[in-house]
Amino acid sequence: MSDPRNVAHAKKVTQEKHHQAQGKPGKEKKSRGTVQNQPVETARAPTNAEAAKAEQKPGDLEKSLAVLSKLKDLEFHSRANIETLAELSLTIEEELKQREFSEAIGALYSAQEAFHSKIAAFIETYQTKCDSLK
């Protein structure tokens, strides 16, 4: 019966020859392996870069959608603030007859209205960006 070490060695040599015939480096000397690996590595680099971009896009999309959701939440609260300021303005001017505060609450109302229009415009722009990420 033959020595199992010799059988294992013969099998290893056969596998190395098979890999070398297919262009895959087996256990070769480093100097030959680096020469043969150079074209293979440059061919794999763009594939890895494309894979990295593909992995980043879904993550970016998820984060962008989370930001968009928060922006829409801000817009909703901005609209609610406008309604509340309008009610308070009527209360101050009509019911309480505190006319000295009417200009101040009017300025707050105008500022909130300006914020609301700016955030609504920004949401439209950001929505377009999110759609392009899909």
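A residue is called buried when its relative accessible area is under 20%, exposed when it is over 50%, and partly exposed in between (1.4 Å probe, protein chains only). With that cut-off in hand, S64 counts as buried because its relative accessibility is 11%. The model is predicted, so local features need pLDDT of at least 70 and side-chain atom pairs count only at pLDDT 80 or more, while totals for chains, interfaces and linings use all residues. Residues are numbered from 1 along each chain as its sequence is written, and side-chain values use heavy atoms, with hydrogens and water left out.

The protein chain holds 3 helices and 0 strands, in the order α-α-α from the N terminus on. Here helices (H or I, at least four residues) and strands (E, at least two) are DSSP runs, numbered from the N terminus. Of the 134 residues in the chain, 14% are buried.

S64 itself sits in helix 2, which covers residues 30–95. Leaving aside residues up to four places away in sequence, S64 touches Y126, C130 and L133, where contact means heavy atoms within 4.5 Å. Helix 3 spans residues 102–133, and its buried residues include Y126 and C130, along with S102, I105, Q112, H116, I119 and I123.

Helix 3 has 32 residues and reaches 46 Å from its first C-alpha to its last, close to the expected 46 Å at 1.5 Å a residue; this expected span is 1.5 Å times one less than the number of residues. Across the protein chain, 69% of the contacts with a separation of 6 or more join residues 24 or more positions apart.
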